[in-house]
Each structure stands twice: as structure tokens, then as C-alpha cells.
Amino acid sequence: TQRANRELRSEDSFGILDAMITAVDNKDRYTRHHSEDVAEYALWTAEELGSSEETLRIIRIGGLLHDVGKIAVPDEILRKPGRLTEEEYSILQRHPAMGALIVGAIPGMESILDAVRSHHERWDGKGYPDATQGEDTPFLGRIMAVADAFSAMTTDRPYRKGMDWETALSEIRAGIGTQFDPVMADAFLRAAQTRLAQHSYQKALPR
């Protein structure tokens, strides 16, 4: 995955947007690590669903760039150590739409627009920015929503420690049919459980 990511960064159009992600990461050190995790988790789901190589490529790019719109969010909101006010949260919620505007202006990046704009939509229609419901939310948005949530839950932040995998997987399971597309969530859970079992097996091997 890291090799594939390095190859992507050599492409001109991707490089422009990747530089923006680096700029966001300089404001909020969470973003780069989070974006790489989201790309990885979304790929697990897509592979579990038997997606084509081209779809996997689009998902990798979309995952790495899904938060590019955060470049327009003020530093004090991104870095705030505590709970955001209602007004601050409203500003933060603009980042998917802003990201879609940025990505839409870059030649060759049209295929990832849905990943950028729709990764905070919910299956029950209570997400943002478009409040789309069920399968009205694009495929890329539904696959990114699960990956984004899992990364957010398991990553340490200045104001809280990340959840362990088992707890976060339980949260994903609890959100099936409300926050998450059941097909996407089930595929992610299967893929994550396989990797969790492999990790446990490797830890149990004699050194």
C-alpha cells in the first residue's frame, strides 16, 4: 500500500491535491495518518466485495484525498482540543463540499468526487452535506463512511485515546442500517475480523 501511495504521489494531478493534504496535516497532525488509514480500510472492504482493479485504484486515491477540503477549515477549529461549539461544527461540516469543489477543478480527478463529497453521509439520511439516504448516497461515499468512522474511532487524538479494535468494530456493528450501509459495514467487519485473527495468530507465534 505504501509503495502504491508513493507511485500515486508522482502523478501531477494527484500531487497537487496531496500537497494540500500535507498542508492540512501541518495544521492538524491527525490528517495524513487518518487519510492513509481510511484508504487502507476502504480497500479492505472493496476487496471483500470483489471490486475491480480500477475501482480499487479509485478508492485508494479517494481515501487518501477525502479530507482535502479541511484546508479551508480554520486552524483553531482543527486543533481545538475539546468539544466544538455548534457554530464551529457547522464550519467543519463544510469540508466535504469544499473538498469536492477543489477536486472538481483538478483534471483527471473526477472519479473521486463522490468519495470526497459523500464520506460523511449516513444510511438513514442524517449525514452531510447533502443528507442523502440509502443507496442515493454514491457507492464511494458509502464505502468511505465506514472506513472514515473506524479510523476516527481507533486513532488517538489530543483530547481522547482511540478505542481498541474490538470496541470500534462493535460500534460499526451497532451503526448498521442507521449510520452505515449494511453491505459495506458487513464487508468491512469480515475483512477486519480476518486481519484481527491474523494479527492475534502472529502474536502467538514463538519468537
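Colleague: Is D181 buried or exposed?
Modeller: In this predicted model, D181 is buried, with a relative accessible area of 5%.

Colleague: Which residue forms a salt bridge with D181?
Modeller: R142 does, and the closest N and O atoms are 2.7 Å apart. R142 lies in helix α9 and D181 in the loop between α10 and α11, so the pair ties together parts that are 39 residues apart in sequence.

Colleague: And R142, buried or exposed?
Modeller: R142 counts as buried, at 14% relative accessibility, because the cut-off for buried is under 20%.

Colleague: How many salt bridges does the structure hold?
Modeller: The structure holds 8. One of them joins the side chains of R117 and D130, at 2.8 Å from N to O. R117 is in helix α8 and D130 is in the loop between α8 and α9, so this pair ties together parts 13 residues apart in sequence. R117 is partly exposed, at 30% relative accessible area, and D130 is partly exposed too, at 37%.

Colleague: Changing topic, how many residues are in the largest nonpolar core?
Modeller: That core has 40 residues, and those with the most contacts inside it include L17, M109, I172 and F188. Helix α9 gives the most to this core, with 8 residues.

Colleague: What is I172 in contact with, leaving aside its neighbours within four places in sequence?
Modeller: Its contacts include V146, A149, F150 and M153, as well as F180, A185, F188 and L189.

Note on methods: Residues are numbered from 1 along each chain as its sequence is written. This is a predicted model: local features need pLDDT of at least 70, side-chain atom pairs count only at pLDDT 80 or more; totals for chains, interfaces and linings use all residues. Side-chain values use heavy atoms; hydrogens and water are left out. A nonpolar core is a set of buried Ala, Val, Leu, Ile, Met, Phe, Trp, Tyr and Cys residues joined through side-chain atoms within 4.5 Å. Buried means under 20% relative accessible area, exposed over 50%, partly exposed in between (1.4 Å probe, protein chains only). Helices (H or I, at least four residues) and strands (E, at least two) are DSSP runs, numbered from the N terminus. Contact means heavy atoms within 4.5 Å. A salt bridge is a side-chain nitrogen of Lys or Arg within 4 Å of a carboxyl oxygen of Asp or Glu.
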